[in-house]
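Subject: Handover of the structure, with notes

Dear colleague,

I am passing on the structure we spoke about, and below it I have set out what was found when going through it. Please read the notes with the model open beside them.

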Amino acid sequence: MRAVNPDAALPTLVSAEAGRTQRLLAGLVCLAFGAVTLALLPFADRPIPPMPGFVPVYQSALIVVYGLTAYLFFAQFRRTRSVPLLVLGSGSLYVALIVLAQLLSFPDVLARGRLLGSGPDTTIWLWTLWHVGPPLFALPYALMEGRRRSVAPGRAAAVGWLAAAVVTAAVALACVVVTRYVHLLPKSVEGDDYWLLTTTGIGPVVVALTVAALAVLCWTTRLRTVLQLWLAVSLLLLVFDNLITLPGAARGTVGWFAGRLEALVAGLIVLGVYLREVDFLYARAEAAAYEREAQRAALKLARDNLALALEAAEMGDWELDLRTGASRRTPRHDAIFGYDAPVAAWDAETFLRHVVPEDRATARAALADLTGTERLDLHCRIRRADDGAIRWIAVRGRAYRGEDDRALSVAGIVMDTTKQHEAEERLNQAQKMEAIGQLTGGVAHDFNNLLTIIVGNLDMIVRRPEDSGRVTRLAMSCLQAARRGAEVTEKLLAFSRRQVLRPETVNPNRLLKDFRDLLQRAVGETIEVRFDLEASLDPVRLDPGQFESAVLNLAVNARDAMPGGGALTVRTSNAALEAGEIADRPDLAPGPYVLVEVSDTGHGMDAGTLARVFEPFFTTKDVGRGTGLGLSQVYGFVLQAGGHARIRSEVGRGTCVELYLPRSGDRAVDRRPDGPMPLRRAAVGEVVLVVEDEPAVLEMAVESLRELGYRTLTAARASEALERLQGPDRVDILFSDVVMPGGMNGVQLSVEARRLRQGLRVLLTSGYTGSALDGQGVPADLPLLSKPYRRDELANKLRIVMGQA
């Protein structure tokens, strides 16, 4: 429930601004009584006919008026705790009590003789103390108003009772003084003649005090509120009362009677305005009640509409009290969890018991996070209570907090999203099949071209083998086509992030500098290659060959975008990725990276092309001039290296490809040797055990090893190789394929082989290892030769293997 703001309460005459109408009415009242006072001044001392009972009625009216006013002020004080209101309430109570005491001092009113005092001196002094009360209490009110003085919460009632007790005690003390010690006070009356009240200066002092209080009130408050305005009118009427009463100088004169009426009206002014304000407040409260009733009806209508909308959307509405575990749920909520009738009790643990074990930790963490967040957004699977079916649900809600910022309750909706998940799965499957179709079509097109070259040339070699020159030329053409096929395969593996990487901690600047000449030859003489390399570049961990291949791909693309020449700029720098920049890559962590930018001054790309540049086989080149795997290979390499790639381009302003590679904390490796390694041939008697399940590949490997001078032993699967190793034959090197039938792959074979023969050297070969090793890859301590390979590449790998300890 929303807390009530006291500042937003309905305004009363204490705080309401005095409007133009109020000020006009107050002015008219003052003018009217001022005019009457001036008109009666010449007749103030004239006697009037006796009016029996006037005094007790008049005094009783004053007591009731000031008593009610005191009650209203004290009630307002208890609500607002305002000290100025406490002062006014005390003043009104003082006047009511002092007027009561004066009534008791009149002879033959409530009993024979006087109940209080022994003569008219007591009555006149009580009249004087009564007229001193309003200005005496108005002065501190005027001085304190606007300073927001208030009593501490919870103490208003006690302070109010204390103030009433003090006022009562003060009035009692005053009564004692004017009854027992009146002879010590200045004499102010002779019978019914109280001209002495004027000549002794007591009356003028009362008038002066009232005028001073009125002036201070007007100056300090500017009569801003309704209360201040009418309090000033009341004080002015008391001034008129004194002005008309003192010249009359006797009871039963025109001045005395007019003064009594003005004094009564002065008391009635504030009470009347207060009662009128109560009427206004009642009207406002009545209007507010009607408004609340209308709002309640609108809220009920909105709730009914919401319930209909939730029912139509098959959503369940729920609310959970985190302190007590109590809950409120719609029937749809329980139906989603497999209940025909509403469940008696439901709490967080009941919900978690329905969640399948695989998703339970996630659901529990989402509920626990409500202590730090206000939103609940959970997607998980549940097991229905009735049929045990597994269903996907979405739970969304909001937490409501207490004053200590702790979550007290949660409210939200639950929806069965099984159909949406199934639709998404079908869509994803359709997209995968479309991608596979596009992929296989592109691969088939390129490989059919390459196989046409290979099959045609080999056919011509078989038909005329005696022409050695022609055979050599055709064989070289076959070899070139095979190398192009190997490049396509390598790009496919890079796109799928399944190529075998041999990462090293390197400085990209060194790789680029070593690669510059090749880069210039690849783009041609019409394109200027510029390097802008940061001197203090951080090291990165990547496969140098794959990095060079990625940069070369970007350079070739840039060359094709600048047919008339231009500039290719390669820039490196230390950079950082913020969380907002990689929001679509939850696998990436924000932090320091090394940025490699390859930019050109070519024709650029439009938005449609830019959105598809990393798709496999997407190309803007003519048929036969590109496979469309270049940028997808770059993208796959960067992702496999743990980085991020993005591209910026505008038509007519060139293209810039940014490769963000994660910074490495290791030191960069030493410079790689320049130039080709010397071809290593076998020493006398070195034996290689070749393990390969494909007969043609096995035959090619054995022939290559024999040309290099090695003796060979062969095995078609891992079990045969282990039998060989358990036998007496000499084996110096195990050369095995990674992917083999029989339940054991090449990596597992190398472990068993080294257990059987300590110090055995191992060289593995494969064209694809992802599925065979469950994505774990080949251990870094095992050399790997990628398929397809040539004899010279095999010889170089063997040199490295034999050179290891």
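The notes that follow go through the helices, the strands, the charged pairs and the cysteines in turn. Please keep in mind throughout that this is a predicted model.

Just after H2 comes Arg81, which takes a positive phi of about 60 degrees.

Further along, Tyr194 has its place in the loop between helix H5 (156-180) and helix H6 (196-199). Is Tyr194 buried or exposed? With a relative accessible area of 5%, Tyr194 is buried. Its C-alpha atom is separated by 8.8 Å from that of Gly248, although Tyr194 and Gly248 are 54 residues apart along the chain.

S3 is joined by nine bridges to strand S4 (residues 390-401), and the two run antiparallel. One of the pairs across them is Arg383, whose bridge partner in S4 is Ile390. Together S3 and S4 form a hairpin with six residues between them, and in the turn Gly388 has a positive phi of about 70 degrees.

In strand S1 (residues 315-321) you will find Asp321, which is buried at a relative accessible area of 19%. Leaving aside residues up to four places away in sequence, Asp321 touches Ala326, Leu408 and Ser409.

The parallel sheet

An open sheet of five strands has the order S14-S13-S15-S16-S17, and its pairing is parallel. The edges are formed by strand S14 (711-715) and strand S17 (784-786), each of which pairs on one side only. On average, and with direction ignored, neighbouring strands of this sheet are turned by 20 degrees against each other. Within the sheet, strand S13 (residues 687-691) and strand S15 (residues 733-737) run parallel and are joined by four bridges, and Leu689 has Leu734 as its bridge partner in S15. Helix H22 (residues 791-803) lies across S15, strand S16 (761-766) and S17, and runs at about 150 degrees to S16.

Charged pairs

In one of them the side chains of Asp241 and Arg260 meet, with 3.2 Å from N to O. This pair links distant parts of the chain, since Asp241 is in helix H8 (residues 226-248) and Arg260 is in helix H9 (residues 254-312), 19 residues apart. Both Asp241 and Arg260 are buried.

Another salt bridge is formed by Arg384 with Asp386, and here the closest N and O atoms are 2.9 Å apart. Arg384 is buried, with a relative accessible area of 18%, whereas Asp386, at 43% relative accessibility, counts as partly exposed.

The side chains of Arg646 and Glu658 also meet in a salt bridge, at 2.8 Å from N to O. Because Arg646 lies in strand S11 (residues 644-650) and Glu658 in strand S12 (residues 654-662), the pair ties together parts that are 12 residues apart in sequence. Arg646 is partly exposed, with a relative accessible area of 26%, while Glu658 counts as buried at 6% relative accessibility. Through salt bridges that share partners, Glu597, Arg646, Arg648 and Glu658 are joined into one network.

Cysteines

How many disulfides does the count come to? The count comes to zero disulfides. For Cys30 the reason can be given: the closest cysteine sulfur, in Cys218, is 9.2 Å from the sulfur of Cys30, which is too far for a bond, as a disulfide needs the two sulfur atoms within 2.5 Å. Cys30 counts as buried at 18% relative accessibility, and Cys175 counts as buried at 12%.

With kind regards

Methods:
Residues are numbered from 1 along each chain as its sequence is written. This is a predicted model: local features need pLDDT of at least 70, side-chain atom pairs count only at pLDDT 80 or more; totals for chains, interfaces and linings use all residues. Side-chain values use heavy atoms; hydrogens and water are left out. Buried means under 20% relative accessible area, exposed over 50%, partly exposed in between (1.4 Å probe, protein chains only). Two strands pair if DSSP finds at least two bridges between them. Axes are lines fitted to C-alpha atoms, for helices over the stretch in contact, and angles run from 0 to 180 degrees between N-to-C directions. Contact means heavy atoms within 4.5 Å. A salt bridge is a side-chain nitrogen of Lys or Arg within 4 Å of a carboxyl oxygen of Asp or Glu.
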